[in-house]
Amino acid sequence: MGLALALVVICITVTSCYFFWAHTWWFPIDISTIGPAVDHQFMLTLVITGIIFVVAQFALAYAVWKYGSKKDGRKARYSHGNSALEATWTLAAAVLFIGLNLMGYKTWAAIHFIGAPPGAMQIEVWGQQFEWYFRYPGPDGKFGPVHVEKVDDAMGNYLGLDRDHDADSKDDIVTATLAFPVNREVNLILRSKDVTHSFYVRELRMKQDLVPGMEIPIHFTATKTGRYELACAELCGLGHYKMRAFVDVMTQQDFDKWLAQQAASQ
Amino acid sequence: MRKQNWILLFTALMILALVACGKKEEETAEQPATPATNAPAPTPIDQSTVGEVTGKVSFEGTKPKTPVIHMDQDPVCVQKHAGKPVHAEDGDVNDNGTLPNVFVYVKSGAEKYTFAPPSDPVVLDQNGCMYQPHVLGIMAGQTLKVVSSDATTHNIHPMPKDNREWNMSQAPGAAPIEQKFARPEIMVPVKCNQHPWMRAWIGVTSNPFYAVTGSDGTFTIKGLPPGTYTIEAWSAIGGTGQTSDQTVTIGPKESKTLDFSFKAS
């Protein structure tokens, strides 16, 4: 019985590793300048935890086989183990995880703590149950104020803009697709109208919560044109599963044309 | 106390709790304002003397720009419109300068009559992730039948002030939802919790004398017994809701014309 169980443990371990080894489900393409650093950190974490996983599972299989009850009547017995050994690997695990965190800190800081360089394109990202809206400041480069009492989705005023009275709002462009030019720094300002949502674009290697009442900036530069998917990664209610939008990375020329079309339909 | 007695006591308490919960639900369920069994019989109306009010609702000022509705979140909604832009309906003005979707009804003057709610339901469809019709009338106690022509899940959510609020999901192909409003209320906004741009307005009346203007901006209220009435027109132009009242006296078989006008709010 002990041998059979040990074989099952080994079988599960090897099968689990195979999927990673064969890249059965692997990363989507990376389209962000920050992507290689994120992927490197991810791979490093995966390899280290993978090795620990394999060693631990094989040790488990060995223990199950070696110390299980035997046919000659010897019973399995409880052992408290070795306190010194336990303290050692707990400490080793702590050092490892803190070390991995410190190594990833630089990448994290580049996205979250260090502001976007001057000249970065400013776009507001708004989450609401169960929609995404995006606001471009228009030629004046300024976002107009938001008036909560003027929010009226059925009238197309998704963000509560008062274009008749607020000069900064007049040229604001509100869209339902996120588009930006390739090879240009983009600064997204994440805002929520209701509950917590999460901005997640796999190809950008970006995931960040939108928290009501906060304006959270993240910045990046996309390196490949194409259409990608933005999905909400924080369970936000009944329609969470369909809270998605497209992300279009365009050439500067295509982007200018697209933005002009959007401005005309405001 | 013996173990069996504890089990008996626990079971009895559970049954009591279930009965209490069931009763509470029953009490909160929507009931007609006047139970059918005690409702007074409808007042007989001499159909040979009834008259009607007709009219037109016009819009004063510059036609407001109706914003495009973004439906990108749900491809089912986008595909239904085959690439054509959909505009906000509350800002609609007809080409002839009149207003569609104006709810015109007898606000007062018909109190001396009792009307039974029609047995036919009023149908509200969800088509292309828009409500059809956008504005509708229904009598208190009459059945509202909500159907869906869309292959996506909707969530119908009327937000009344004087009636019970409800909020129900409707998956593609699901059975129609049937509900009633117990009390008259002008107007009840309806939204979809799945598609925030969807909005309908329901006028709940105590009498059957109401109409909604169409693409020519006209209305006709038929079957009015002779008498003096206050006719109110309600429009969502500008998105906030405006009303305009006029008084009219109808003689036997008489047809009167009443015109209304609204400005952008």
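Two strands pair if DSSP finds at least two bridges between them. Strand 3 and strand 4 (residues 130-132) of chain B meet that mark, with three bridges in the antiparallel sense. The model is predicted.

**Where the chains meet**
- Chain A brings 18 residues into contact with 18 residues of chain B.
- On the chain A side, strand 2 (131-136) and strand 10 (244-250) each supply at least two of the residues that touch chain B.
- That side of chain A has eight nonpolar residues, five polar ones and five charged ones.

**Strand pairing in chain B**
- Strand 3 (residues 122-127) of chain B also pairs with strand 6 (residues 143-148) of chain B.
- This pairing runs in the parallel sense, over five bridges.
- Asp125(B) has Val147(B), in strand 6 of chain B, as its bridge partner.
- On the strand 4 side, Met130(B) is the bridge partner of Asn127(B).
- Strands 3 and 4 of chain B form a hairpin, with two residues between them.
- Gly128(B) sits in the turn and has a positive phi of about 65°.

**Nonpolar cores**
- The largest nonpolar core holds 55 residues.
- Phe103(B), Val104(B), Ile202(B) and Ile221(B) touch the most other members of this core.
- Beyond its neighbours within four places in sequence, Ile202(B) is in contact with Leu136(B), Ile138(B), Pro158(B), Met187(B), Val188(B) and Val190(B).
- A second, separate core has 30 residues, including Leu188(A), Leu210(A), Leu230(A) and Cys232(A).

Methods:
Residues numbered from 1 in each chain as written. Chains lettered and ligands numbered in written order. Predicted model: local features only at pLDDT ≥ 70, side-chain atom pairs only at ≥ 80, totals over all residues. Contact = placed C-beta atoms within 7 Å. Helix = DSSP H or I, 4+ residues; strand = E, 2+ residues; numbered from the N terminus. Nonpolar A, V, L, I, M, F, W, Y, C, P; charged D, E, K, R; others polar. Core = buried A, V, L, I, M, F, W, Y, C linked by C-beta atoms within 7 Å. Buried ≥ 20, exposed ≤ 12 C-beta atoms within 10 Å, placed from the backbone.
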